[in-house]
Amino acid sequence: MNIPAPCFRAFAAAMTVALLAACGSPREHFSVLPDGDGKTGRMVVTPRQGSPLTLDQANASATVRGGEAAPAKLGVAEIREMYKEALDAQPMAPARFVLYFVEGGDVLTAESQRELENVFAEIKKRPAPDLIVVGHTDRVGSVTDNDRLALRRAEKVRAQLIEQGFLAENISASGRGEREPLVATADEVAEARNRRVEMLVR
């Protein structure tokens with residue numbers, strides 16, 4: 001199909017659809033997109049004719065036309081534009097935060113108090129945020145006392161979130177005590193990395 005150059009330049013964005021309709025041979029595009037961590041899955045494109053085509057690299061693409069599949073060389077920008085509507089409709093990926101406490105209480109360390117601002121900012125990006133806050137302790141003290149302290153830490157962070165205007169019913173708080181340490185220690189050993197709350201923002 002010959003296309004006058006001026007026409008092609010003027011209607012390049014819509015040209016593909018018009019050409020496909022004229023030829024009666026629609027094309028289908030397939031691409032493998034990486035997740036937020038850069039990992040990809042694997043897709044096997046099986047056309048009506050010819051051999052299946054495996055896509056297992058980030059942004060690998062294939063085009064099926066006339067019943068046959070062929071690799072497609074598409075740039076990242078082209079792929080994002082092609083699937084823009086679907087990508088824009090995806091929910092935001094969950095975000096995780098860990099905040100640490102001063103030994104023996106429910107006061108955040110200075111660094112974690114600053115990190116809490118990043119948590120607030122992350123939540124505000126989301127139209128209907130949902131949060132899970134889980135408190136933990138190290139192994140100093142009794143199991144019973146640490147259960148109480150872990151819950152108190154989680155509830156205190158929850159209260160700070162509510163003070164910022166986030167809906168209480170969308171924030172759950174619980175405590176695990178000393179049962180799920182980040183760093184395994186013997187009993188009665190103080191470990192700063194275990195005095196924490198873990199937060200999941202969805």
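A nonpolar core, as the term is used here, is a set of buried Ala, Val, Leu, Ile, Met, Phe, Trp, Tyr and Cys residues joined through side-chain atoms within 4.5 Å. Keep in mind throughout that this is a predicted model.

**Stop 1: the nonpolar cores**

Select Val133, Leu161 and Met199. These residues have the most contacts inside the largest nonpolar core, which has 19 residues. Now colour β6 (95–100), α5 (110–124), β7 (131–136), α6 (143–163) and β9 (196–201), the elements that each give two or more residues to this core. The largest share comes from α5, with four residues.

Centre on Val133 and show what surrounds it, leaving out neighbours within four places in sequence. Among its contacts are Ala154, Val157 and Leu161. Val133 also touches Ile171, Ser172, Ala173 and Ser174, as well as Val197, Glu198 and Met199.

Next, select Val45, Leu53, Leu55 and Val64. They are part of a second, separate core of seven residues.

**Stop 2**

Strand β4 (residues 61–65) is joined to β5 by five bridges, and the two run antiparallel.

Zoom out to see the open sheet of three strands, with the order β1-β4-β5 and antiparallel pairing. Which strands stand at the edges? They are β1 (27–31) and β5 (68–72); each has a single partner strand, so one side of each is left without a neighbour in the sheet. With direction ignored, neighbouring strands here are turned by 25° against each other on average.

**Stop 3: the largest pocket**

Helix α3 (residues 76–82) gives the most to the lining, with three residues.

**Stop 4: Asp187**

Finish at Asp187, in the loop between β8 (171–175) and β9. Is Asp187 buried, exposed or partly exposed? Its relative accessible area is 43%, so Asp187 counts as partly exposed, a class that lies between under 20% for buried and over 50% for exposed.

Draw a distance from the C-alpha atom of Asp187 to that of Gly141: the two are 46 residues apart along the chain and separated by 8.5 Å. Leaving aside neighbours within four places in sequence, Asp187 is in contact with Arg139 and Glu178.

Definitions and conventions:
Residues are numbered from 1 along each chain as its sequence is written. This is a predicted model: local features need pLDDT of at least 70, side-chain atom pairs count only at pLDDT 80 or more; totals for chains, interfaces and linings use all residues. Side-chain values use heavy atoms; hydrogens and water are left out. Buried means under 20% relative accessible area, exposed over 50%, partly exposed in between (1.4 Å probe, protein chains only). Contact means heavy atoms within 4.5 Å. Two strands pair if DSSP finds at least two bridges between them. Axes are lines fitted to C-alpha atoms, for helices over the stretch in contact, and angles run from 0 to 180 degrees between N-to-C directions.
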